[in-house]
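This report describes a sheet, the helices packed on it, and a set of side-chain interactions. The sequence and the structure come first.

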Amino acid sequence: MQTVTDSNPAAKIVPDNASNLSKKEQVAELFNNIAGRYDFLNHFLSMGIDKGWRKKAIAEVARTKPQYILDVATGTGDMAIAAAALQPIKITGIDIADQMLAAGREKIAKQNLSDLITLQTGDSEAMPFTTGSFDAVMCAYGARNFEHLEAGLSEMCRVLRPGGRVVILEFSKPTAFPVKQLYRFYFRYILPQLGRLVSKHSRAYSYLPESVMAFPEGKQFCDILVKCGFTNAKASPLTFGITTLYTAEKNV
């Protein structure tokens, strides 16, 4: 793992300020606790729009015609499953939340994709893969949860082959009226209440808007990607800027 100074303001946003656990440990605990309801909440709270966002991300992954794909912070494997349509040789997903991985393996088995997709416990900041192992690396809504953002992004660059492509989806903040105002109201008041009601976890969906508000986005995030070894970093806002699709490459 490369040593990188991390200036990410979202690193200070944790699921539980009263906890003595590190952000990484708290995030793993949080997602393990909501693993059984995560997929339902994901689709319900985004009103199904998240599926379209993933399709756009996979279209960017497809540009490299990848044979080996890594999905970082794979969760329950939605991105990995979507990437199966590209017919690669192998898709590997890593995550620090074992219960999320267990739920993902069940989904993968039901779709007869177990030979193609492997999910394993893994830390974004210290990946158990050799340098240049993958043609494409993707991450959907996981970068915001990294304890050390730049260390995680540098590892993603390390395991990517020269000429390979990284594709990252992350929430962002709309700026145009009235989407900005409606989004902030929903994110701050409606989403946490609905999330708490369904997930039975008091902080899971309060942490989400707090971390999004603090997370670097747009050009700032592209600059971080370049700092971590990538080139040609681009940010493409989706659905009025509710989410942003980031792409970058590793120099040949």
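## Sheet and helices

In strand β5, I168 is the bridge partner of C139. The model is a predicted one: local features need pLDDT of at least 70, side-chain atom pairs count only at pLDDT 80 or more, and totals for chains, interfaces and linings use all residues. Residues are numbered from 1 along each chain as its sequence is written, and side-chain values use heavy atoms, with hydrogens and water left out. Helices (H or I, at least four residues) and strands (E, at least two) are DSSP runs, numbered from the N terminus.

β5 pairs with strand β4 (residues 134-140) in the parallel sense over 6 bridges; two strands pair if DSSP finds at least two bridges between them. Both belong to an open sheet of 7 strands with mixed pairing, in the order β3-β2-β1-β4-β5-β7-β6. At its edges are β3 (117-121) and β6 (230-238), each of which pairs on one side only. From one strand to the next, the twist averages 15°. In general, strands of a sheet pair through backbone hydrogen bonds, either parallel or antiparallel.

Helix α5 (residues 149-159) lies across β1 (68-72), β4, β5, β6 and β7 (243-250), and runs at about 145° to β5. Helix α8 (residues 219-227) lies across β5, β6 and β7, at about 155° to β6. Axes here are lines fitted to C-alpha atoms, for helices over the stretch in contact, and angles run from 0 to 180 degrees between N-to-C directions. Contact means heavy atoms within 4.5 Å.

## Salt bridges

How many salt bridges does a search of the whole structure find? The count is 15, where a salt bridge is a side-chain nitrogen of Lys or Arg within 4 Å of a carboxyl oxygen of Asp or Glu. Three of them are listed here.

| R63 | E60 | 3.3 Å |

Buried means under 20% relative accessible area, exposed over 50%, and partly exposed in between (1.4 Å probe, protein chains only).

R63, which meets E60 in a salt bridge, is exposed, with a relative accessible area of 57%. Elsewhere, a network of salt bridges links D39, D50, R54, D78 and K107.

K173 is found in the loop between β5 (160-171) and α6 (179-199). Is K173 buried or exposed? Its relative accessible area is 17%, so K173 is buried. The K173 side chain makes a polar contact with the side chain of E217 at 2.5 Å and reaches the backbone oxygen of V212 at 3.5 Å. A polar contact is a pair of N or O atoms within 3.5 Å; within protein, one must be able to donate a hydrogen and the other to accept it, and residues adjacent in sequence count only if both atoms are side-chain atoms. Leaving out residues up to four places away in sequence, K173 touches Y183, R184, V212, M213, F215, E217 and G241.

## Aromatic pairs

The structure holds 8 aromatic pairs. One of them joins F129 and F134 edge-to-face, at 5.1 Å centre to centre and with 90° between the planes. Both residues count as buried, F129 at 15% relative accessibility and F134 at 6%. The rings of Y141 and F171 have centres 4.5 Å apart and planes at 35°, so this pair is tilted. Y141 lies in the loop between β4 and α5 and F171 in strand β5, so the pair ties together parts that are 30 residues apart in sequence. Rings of Phe, Tyr and Trp (its six-membered ring) pair if their centres lie within 6.5 Å; planes under 30 degrees apart count as stacked, over 60 as edge-to-face and the rest as tilted.
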